[in-house]
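Here are a few exercises to work through with the coordinates open. Try each task yourself before reading its solution.

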Amino acid sequence: MISRPRSYAGWVLVPALSILLALLVASVLIIASGVIGRQRELDLLLPLVAYRSLLVGAFGNLRGIANTIVAATPLMLTGLAVGVGLKAGLFNIGATGQVLLGGFAAALVGTQVADAPLFIAVPVAMLGGILAGALAGFIPGFLKAFTGAHEVVTTIMLNALIQLIVSGLVNDIFRVPGFSFARTATVGNAALTGFGGTTIHLGAIFAFVCIPLSYWLLWRTTVGFEIRAVGANPTAALYAGMHPRRMMILTMSLCGAFAGLAGAIEILRLGYYPAVFGTSIGFDGITVALLGRADPVGILFSALLLGAMRAGAPLMQIEARVPVEIIDVIQGVILIFLAAEIVVRRIFRLRTTPEAGELQTITRTYGEKVVG
Amino acid sequence: MDALLDIPVLGFILQFLVYLVNVIVNGHIAPIILGLATPIALGALCGVLNERSGVVNIGIEGMMLFSAYIAFMIALLVHQAFPAEPSSVFGTTPALIMGVIAAIAAGVLISLLHAWLSISVRADQIISGTIINITALGLTSYLNRLIQPFDSAGTFESFRPPAALVNLPGIGWLFEMFTAVGPIAMSVIVFVVIVQILLFRSRWGLRTRAVGEHPKAADTVGINVIRLRYRNVLMGGVFAGLAGAYLTLEATGSFQNNMTAGRGFIALAAMIFGRWTPLGAFGGALLFMASQAIGVAIRLAPPASDLGAFLAGIQQTYPSMYNNFFTGLPYLLTIIVLAGVVGRSIPPAADGKPYEKESST
Amino acid sequence: MSGPESAPPRLQMRGITKRYPGVIANNKIDLDVKAGEIHALLGENGAGKTTLMNVLFGLARPDEGEILLDGEPVQITDPADAIARGIGMVHQHFMLIPVLTVAENILLGAETMANSIFLDRREARRRIIELGKRFGFEIDPDARVENLSVGWQQRVEILKALYRQASILVLDEPTAVLTPQETVEVFAVLRRLAAEGHSIIFISHKLYEVLEIADRITVIRRGEVVGTRLPSETNEDDLAELMVGREVQLAVERGTSNPSEPVLTVEDLRVRSDRGQEVVRGVSFAVRAGEILGIAGVAGNGQDELVEAITGLRRSIGGTVHLAGQNITAWSVRERREHGLGYVPGDRQKYGLVLGFTVSDNLVLTRYYNRPFARGIQRADAAIEEWARGKIKEFDIRTPSWAVPAGTLSGGNQQKVIVAREFTPDLKVLVLDQPTRGLDVGSIEFIHKQAIGTRDAGTGILLISAELDEILELCDRIAVMYRGEIVALVDGRPTANKEEIGLLMATGGRVPAEGPPTDTSGQVETAPDTSVRGGTS
């Protein structure tokens, strides 16, 4: 999607059908889980039971809806972290590391402003996370721009490195006594607490603001025009007097900032940084971005969808005894169908032509030095 | 000599180099290096086969992970159904053999998905690879949670070379490196040499290189570009599968979620480091993983003198960071190599570009 | 054609029809080629010559018609099949792999094997050398193709076909990339092949060449055969009329130029290529306001790097560039543009357009950040739209609307988008790099007229073209570039001598190895010819 979508109806069709197909494929695995799991019985209706509890868990009551929104909040941000990059022809699969560094920085800043008033403490801690995330994005952006090292490999390596560095720091330096596991001190007033008895917190507002903000940036500003031009044709951008290298670094830093904010939100919700902090929001961001076609509006909806799955999965595991990891499988299968758009079109006999899009532009810069 | 070693900083570096040479020659860590390098080298072979014919494969990681899981589970199932005593050669059991075969089949199967997406559907190859990584991680985690095996089919055993050979002064460590290892690790050097020779001397190799550089030219002399690419990607799957089998059936004997831990990506860096040649990639793999092995070596045989005291001091004060440093070295080296080598070593010209026969004009 | 008692022609194509959505590329084409004949296929770009040859080579399946070899009808399904039947093709864009050696390129697909797995490289090398000698040249089988000149690369292509024992050889626009001297050498090889009984199909749109080399000429227009001639019975005017369908004026009205002060001055410019070699070695020239300066040269003699250094896409390592008196050597692309430098790039899809962007976005690609197209960092979509509508009308860009992606336009209209963007009234210097490559006659004419109009409005134009004819047609002065240097600077027509410039392009004015330097075409023709014969005796 380089030019704006001509109609959203045609534009959501393939993603929607991919989801449908993925749920069908997952049904087979769920039935299999009944057979080889603890129940040891063939239950053809198990997928229906599972999907029903998934729905109930996500939307069945106010608490479920709140959980869905809370789960979707960081996913919008990591979705943007991947999606905005795709617009510039960059495939940022380093959101995981950017989340960790952002969260860690937010925790450190948070402990410093733990006693400040809430409306100062929270934004300051978040800013710490944003800056740290931007730094984590800057590094692969810089390496890509000036050495040609492809961001897919460098960001994956950075994910591992950041995890090792941060856990080392927490264990050896920032650990506070009095707990059975290594963690940092509490962030006090910088913590994100729920409103009105639900889990919904201030961070959701930040995430919801980022969606229209990035839409405006990409489509209504000259900077967005440059980002998209560099992504669509870096040599033509250079010829037109733009600075592809600068834009790559800027975009990767921006992506990192989104992911860093996501990490900050997750950590401030927790109130401290644990040395072993596992989170799937970084990788989920890839699914969110690809499913949302790297468009802010699409990212909003796919983040809500994936958030609902994450929020509803625990109930599904209790009621249908289907492991929550099925969500990861569903994601993968959705992506396979998305990539194989041709197949989806053939199955449903769609006539509309596929739009040329990011799904075909990333590999071009593999192993090449960047121009300009 | 001693005076030299007492110079600040430089003396430290010298001490460290002396220690390094010593530990590699006499410290019996050479087989450990080869062991660590085995999945990297096999993954890099997969990458070479793919990229030489023009297909970028970021999904090696996922192929390895899925194969590792399948290898483990199939071996376990066979082991439970037909328990057998390990044979005297490599501790081989029917279960382990079946596990390896299953892993190769799994690697080929996932490669087929990648081949189809990137060659036939002409999806973006990096996204296709990433999707494979995500799916493999999700699927293996799901199945691992579902089944939760507490048993294991065991592992292959390392060969025990005659002590006389290993203790040969000066070169004994080389013999030890390539013989005091399990069967998969031992096979790596064979595969590397075979692929190297075939790539540059055989008809298949010539056609592979041609298709990776200029598929249209190959097409006009009657070479079936699509079929050749499929064949190479599937053959790559054999090596990725073998790498997976190594992880669960030779190195550890168990499966953990995400146990590949980025090895597929380090393999890509080794391939680039080796300029898309099997021998070069193997060298890269050894170099990358030697850095991790040094951590092991220091644990096993801490250096004497003030270097040892220095390291021990760090380990005392910052135990976690000290360990993570050595674990992280291959990742750091990967980034450094990519940043330093890309642009100077040129990938096959058609790498990552789907081939489409022109239908008009 | 031939009587019933004589042997059937080596190749007959009967009633070949090939339709593509919306066009009939070939309509009931008949063509026959005898053994030992050089048969020219003459037609404009897009007339259907390449389609016909793709049908012959199995790259396209005809909708109707049949192909006969030695009188036997055959079905040619793919290139491998065509090769097996003795058909060889030298494509317009060489199908060679630069990083492989000559031997590897020739072997590919027709490998000489030592056993079922390994190549027999020694035997292959021996056969290649032998084959080369038979046709008059000595070739190093171990040379990398990327290090060979274009003329030698073409010989490798011909060897590739001969190695496969092709008896019918198709050459698609073989001289497009050659200097006149290289052309003469290739012609000698072709004559020798024909003398040995090979059938040669020679595709071209250059009239004089066809008259020189062909035994028979078949002219195609809009997918149909419009006539077959013997060279002895026809002339350039007759062929041109057949080819284009009306009496054509072979050159545009250039008029006289009124050059004034220099607006672009290049002094002792040195530039390195991507591989780090110095490929522009101390180039100096000046373009004056109101003139067109052409840079002639065989592709790959440093023109690309020179243009990139002038436009700011590439850093130079020495020398200066002045634009209207200001030293712009260290300026960015944008600064140069803002001071009146326009640039139509050689590769329009790589540099000139973002194909996925709308026509309107492409029309503001170089000035999107200025008023009225932007206020601050916010885009002003209404102003962009209005500007685009105006340009589409002014330059007659055929597009359904300003909002469709530029990639959906035809090549000629894509180039018009670039021209509309770059040809602005306030320009001081306009760099045109291969501005008409691959375009149809109408678009070429349009762009040539625009260029002359811009010149007459007082802009200095630098034209780089591999087509010597285009240079001669448009330029007031001509600089010849050879191995990174300007080896000559001459006045344009009527003073300019095509053969002289061609020789300079090929040799840089130094004594060529094959024979003495010459001024007249007659002598040039004989010199390499003798050397070719000499090589075989």
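**Exercise 1: a glycine and its surroundings**

Leaving out residues up to four places away in sequence, C:G492 touches C:L472, C:C475, C:D476, C:R477 and C:I478. Keep in mind that you're working on a predicted model.

Task: Work out where C:G492 is found and whether C:G492 counts as buried or exposed.

Solution. Start with the location: C:G492 sits in the loop between β22 (485-491) and α17 (498-507) of chain C. Next, take one of the contacts, C:I478, which is 14 residues away along the chain; its C-alpha atom is 5.9 Å from that of C:G492. Now count neighbours: C:G492 has 20 C-beta neighbours inside 10 Å, and the cut-off for buried is 20 or more, so C:G492 counts as buried.

**Exercise 2: the hairpin in chain C**

Task: Find how many bridges join β21(C) to β22(C), and which way the strands run.

Solution. β21 of chain C covers residues 477-482, and six bridges link it to β22(C) in an antiparallel arrangement. To check one pair by hand, go to C:A479: its bridge partner in β22(C) is C:L489. Then look at the turn, where the hairpin has two residues between the strands and C:R483 takes a positive phi near 45°.

**Exercise 3: two helices in chain B**

Task: Describe how α3(B) and α8(B) pack, and which residues meet.

Solution. First the geometry: α3 (residues 30-52) and α8 (residues 172-179) of chain B pack at about 35°, their axes 7 Å apart. The handedness of this crossing is right-handed. Then the residues: α3(B) brings B:A30, B:P31, B:I33 and B:L34, which meet B:W173, B:E176, B:M177 and B:F178 of α8(B). Sorted by class, that contact holds seven nonpolar residues, no polar ones and one charged.

**Exercise 4: the sides of chain A and chain B**

Task: For the contact between chain B and chain A, find which helix of chain B gives the most.

Solution. Begin with the totals: 45 residues of chain B are in contact with 45 residues of chain A. On the chain B side, α6 (125-147), α13 (263-273) and α16 (319-341) each supply at least two residues. The top contributor there is α6(B), with 16 residues. By class, this side of chain B has 28 nonpolar, 14 polar and three charged residues.

Now try chain A against chain C. The contact takes 17 residues from chain A and 23 residues from chain C. On the chain A side, α8(A) gives the most, with five residues. That side splits into 10 nonpolar, six polar and one charged.

Key. Residues numbered from 1 in each chain as written. Chains lettered and ligands numbered in written order. Predicted model: local features only at pLDDT ≥ 70, side-chain atom pairs only at ≥ 80, totals over all residues. Contact = placed C-beta atoms within 7 Å. Helix = DSSP H or I, 4+ residues; strand = E, 2+ residues; numbered from the N terminus. Nonpolar A, V, L, I, M, F, W, Y, C, P; charged D, E, K, R; others polar. Buried ≥ 20, exposed ≤ 12 C-beta atoms within 10 Å, placed from the backbone. Pairing = 2+ DSSP bridges. Axes fitted to C-alpha atoms, helices over the stretch in contact; angles between N-to-C directions. Left-handed = near helix turned anticlockwise from the far one by under 90°.
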